[in-house]
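I opened my notebook to look up a few residues, one at a time. Come along and follow the entries with me.

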Amino acid sequence: MRVSVLAVLTLALAVPAGAQRAEPLPKELEGVGIEERPGAQVPLDAVFLDEDGREVRLGELLNGKPTILTLVYYRCPMLCGLVLQGVLEGLKGLPATVGDEFNVVTISIDPLETPTLAKLKKQTYLAEYGRSGAAAGWHFLTGKQEQIQRVTNSVGFFYKWNEERQEYAHGAGIFVLTPQGKVARTLYGVLYEPRTLKLALSEAREGKSSLGEKIILYCFHYDANEGRYVMAASRIMRAGGALTALTLGGWLLVSWRRSRREAS
């Protein structure tokens, strides 16, 4: 019997230039990942629907401020929740409140998702953030495939739909944009330290762009009988030891509890 296991897989961890993988990427992850593009311009005229169903353009949501861009989908079974939780925890450690000195824009990569779902997600994260006025600065968007891909292609975020699993294969990371909508920093993984966010936002405010340490996580189902999950788990342990496992376990618990609350 085939057993499916949902795993957060560390498939590339600070890989030196020119280094080769011990094994090729699984077919399901070919063409999936994040390509760092410092200085790349996002399409400010890209049109989306906000959580209230109102048509908005990406540029108006930046509103002349540095902006954290997150590309997720709201029904994602694991990794997107970890990314948003990581952003949330990082934001809690910043003295400035979202909407004051910077904004956050979260875009669903799934064109079938609706403003109603986006609104539920926004309410959940704002409630946990717990700062008044943040609603005006953190936007949860949905949109058409063409508009979504204009944004994802501009920042180098590549993903694809798996029909068998009925989910998206994608990487984990966020993008810090300048007030003019150019990529200042790409931050990989699911943990975003407040000091890292503060520095990235400061650089973005000044219009600076720089490269970051490339640590890419992928979220996907694997067949445990093929041995791929076991090998990935071993690689995670070698990369970060028990601390990595405990950290990911903590995020998984938080996301699971949040999913239970939203389902109730």
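**Entry 1: the annotated site**

I began with the UniProt record, an unreviewed entry, whose "binding site" annotation covers Cys76, Cys80 and His170. These residues span 95 residues in sequence, yet no two of their C-alpha atoms are more than 10.2 Å apart, so they gather at one spot. I reminded myself that this model is predicted.

**Entry 2: Cys76**

Where does Cys76 sit? I found Cys76 in the loop that runs between β5 (67–72) and α2 (79–92). Next I asked myself: is Cys76 buried or exposed? Its relative accessibility is 13%, and because buried means under 20%, Cys76 counts as buried.

**Entry 3: Cys80**

I moved on to Cys80, which has its place in helix α2. Cys80 has a relative accessible area of 3%, so I wrote it down as buried too. Which residues is Cys80 in contact with, once its neighbours within four places in sequence are left aside? I noted Val72, Tyr73 and His170. His170 is also part of the annotated "binding site" in the UniProt record.

**Entry 4: Asn63**

Then I looked at a residue outside that list. Asn63 lies in the loop between α1 (58–62) and β5. Asn63 has a relative accessible area of 51%, and because exposed means over 50%, I put Asn63 down as exposed. How far apart in space are Asn63 and Asn103, C-alpha to C-alpha? I read 8.2 Å for this pair, although 40 residues separate Asn63 from Asn103 in sequence.

Definitions and conventions. Residues are numbered from 1 along each chain as its sequence is written. This is a predicted model: local features need pLDDT of at least 70, side-chain atom pairs count only at pLDDT 80 or more; totals for chains, interfaces and linings use all residues. Side-chain values use heavy atoms; hydrogens and water are left out. UniProt positions are given in the numbering used here, feature names are shortened, and annotations may be inferred rather than shown by experiment. Helices (H or I, at least four residues) and strands (E, at least two) are DSSP runs, numbered from the N terminus. Buried means under 20% relative accessible area, exposed over 50%, partly exposed in between (1.4 Å probe, protein chains only). Contact means heavy atoms within 4.5 Å.
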